[in-house]
Amino acid sequence: MITLLGLFVVIIGFTLRANPLLVVVAGGITTGVAAGFSFNEVVAMIGQFFTDNRALMLPIILMVPIVGVLERHGLQERVAMLIRRATAATAGRVLWTYQLLRGVTSMFGLSIGNHAAMVRPLIAPMAEGAALVRSGTSSPQSRDEIRAHAAAAENVGNFFSDDIVVAVGALLLIKAFFDNAGVAVALSDLKLWSLPTALWVVLVGWWRYRRLDARLQKAAAAAKERAP
Amino acid sequence: MTLLTLDLFLVGCGVVLAAVSALVAWDVTHPQRWGSAVFWLLLAVAVGLGKWLPPMAVGYAVLGLTILVATKRVGAPQFARVDSAVLTKRAEVLGNRLLWPVLWVPVVAIVGGAGLDWVKFGDVSLVNPTQVAQSALGLGCVVGLAAALRTTGERPLVAAREGGRLLQLLSWSLILPAMLAALGGIMAKAGVGGVIAGLVATALPVQFPLVAVVAYCGGMVLFTVLLGNAFAAFPVMTLGVGLPCIVQTHGGDPAVMGTLGMLSGYCGTLVTPMAANFNIVPARLLELKDDYAVIKAQAPFAGAIWLFNVGVMYGCVY
């Protein structure tokens, strides 16, 4: 049970809303020391894992200068203006379309974007622009809600249709795991059984973004009543 | 011999971070000037030169970052917002040309990811075949930055300043994903996964087929929530619960079980702060007031998708 000590540190830390970085580092050190490693050994392990995984930061660090420069020249405003021409667009429809596009490309193992490269510069401004045209007003709350759903569209589109046509990630990992465990599975079966959830996710997205549009409409109507 | 290694792009990241540090140190009005300058400098060294430093030195650097953050010595100044009307005016000048640099990034990343490993000059290859995707993305960012500077006519210093503004919004959340990978690695070395899988298997009546399916899919969620990574949860739960309780006891189909089990794990990814790069980093990048706003928006998705996965698995696995 002492092995789980670090996990309890993590759970308690997140429950108390302590800084997540502090929680994670404290949890790692607790786990390592509880497992019998010396403090310096644990620090060296943290250093090694950090070095091995620091490429996770690359897409963000190299992307933000591009986005920052373009935003100074009105990128978000331009995107919002473009979407205003599409009269059928709503925040929800924009996000559903992006989720579909993200899902279809990830079926082929391709990634067209992430939060830094697509959502902040293009998708969130599009959805916000569409909502502004529809309701004529915007509030910080509805702005935050649209942006949170834009991040959700990216994640949901990314996760649930991985590898269905061309396997590059998750399904290969599953296959490798079963191979190592001596259980025979065919990659084509794994692809087949990924399909129902991928289709279901499209429906779930349709439901969630419709609800988002309805909430935005209601908030806008309420705002108009308050300020005649 | 390889021309564009991933390490080269990471040195580039280190240069960007060092520039941010210098700009912070230069700014006399910065509220947490020295703490922040040290934070970005330490991170620049750890990211840019990490491969050539002893792991313990990187470890202590990361510990230093954590202490600076925990004692609230790292922050971002109040950035003056350019008025939206001014930006709309500026947007009219460049029009759609503003979009191209952003679109160049995925185009170069996808095309390069498919073809760059074929490029060779004699026995010197352009990219390392095992790092094609990441190298192509790095190359895409370099192309995008060049295009952005050319289109707007700005100097590189402006790119560093504007990039630094966004990086300071991210602050500690930028290194959280790498630290979570470290936590997962240490937990794997300590054998945490086996203990949890054992607990799930002994605490529940898994002799009933439905209970076995719910225990496996629920365990995937629980474990993904705790570790922040479905890939880390999968081998543990499948060895500890899936294979013994579903395949061996009830003769379940491993392909159905494995696929839907992994997809159940993703539902956990949608609702955990431990999956920082998917949930916490975007909340900060999009300047949301609540760090948990993305998780809250995703919770109904996760619930609906998880129930569907359990239903399909129960209906088809046996």
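1. In this predicted model, strand β1 of chain B and strand β3 (residues 124-127) of chain B are paired in the parallel sense, over 2 bridges. Within β3(B), Val127(B) is the residue that stands opposite Leu4(B).

2. These strands belong to an open sheet of 3 strands in chain B, in the order β1-β3-β2 and with mixed pairing. The edge positions are held by β1 (2-4) and β2 (120-121) of chain B, each of which pairs on one side only.

3. How do helix α1 (residues 6-26) and helix α7 (residues 156-170) of chain B pack? Their axes are 9 Å apart and the packing angle is about 90 degrees. An angle of 65 to 115 degrees counts as roughly perpendicular, and α1(B) and α7(B) are therefore placed in that class.

4. On the α1(B) side of this packing are Val16(B), Ala19(B), Val20(B) and Leu23(B). They meet Ala160(B), Arg161(B), Gly163(B), Gly164(B) and Leu167(B) of α7(B). Sorted by class, the contact of α1(B) with α7(B) comprises 6 nonpolar, 2 polar and 1 charged residues.

5. In chain A, helix α1 (residues 5-15) and helix α2 (residues 20-34) cross at roughly 160 degrees, and their axes come within 7 Å. Since angles over 145 degrees count as roughly antiparallel, this is the relation assigned to α1(A) and α2(A). The crossing of these two helices is right-handed.

6. From α1(A), the residues making this contact are Leu5(A), Gly6(A), Val9(A), Val10(A), Gly13(A) and Phe14(A). The contributors from α2(A) include Val23(A), Val24(A), Ala26(A), Gly27(A) and Gly28(A), and Thr30(A), Thr31(A) and Ala34(A) also take part. The contact of α1(A) with α2(A) contains 8 nonpolar and 6 polar residues, with no charged ones.

7. The domain assignment divides chain A into domain 1 (2-56) and domain 2 (74-226). Between the C-alpha centres of domain 1 and domain 2 of chain A there is a distance of 32 Å.

8. Which element of chain A gives the most to the side that touches chain B? As a whole, 92 residues of chain A are in contact with 113 residues of chain B. Helix α4 (residues 58-72) of chain A gives the most to the chain A side, with 14 residues. That side of chain A divides by class into 62 nonpolar, 21 polar and 9 charged residues.

Methods. Residues are numbered from 1 along each chain as its sequence is written. Chains are lettered from A and ligands numbered from 1 in the order in which they are written. This is a predicted model: local features need pLDDT of at least 70, side-chain atom pairs count only at pLDDT 80 or more; totals for chains, interfaces and linings use all residues. Two residues are in contact if their C-beta atoms, placed from the backbone, lie within 7 Å. Helices (H or I, at least four residues) and strands (E, at least two) are DSSP runs, numbered from the N terminus. Ala, Val, Leu, Ile, Met, Phe, Trp, Tyr, Cys and Pro count as nonpolar, Asp, Glu, Lys and Arg as charged, and the others, Gly among them, as polar. Axes are lines fitted to C-alpha atoms, for helices over the stretch in contact, and angles run from 0 to 180 degrees between N-to-C directions. Angles under 35 degrees count as roughly parallel, over 145 as roughly antiparallel, 65 to 115 as roughly perpendicular and the rest as oblique. Domain bounds come from an automatic or database domain assignment. A crossing is left-handed if the near helix is turned anticlockwise from the far one by less than a right angle, and right-handed if clockwise. Two strands pair if DSSP finds at least two bridges between them.
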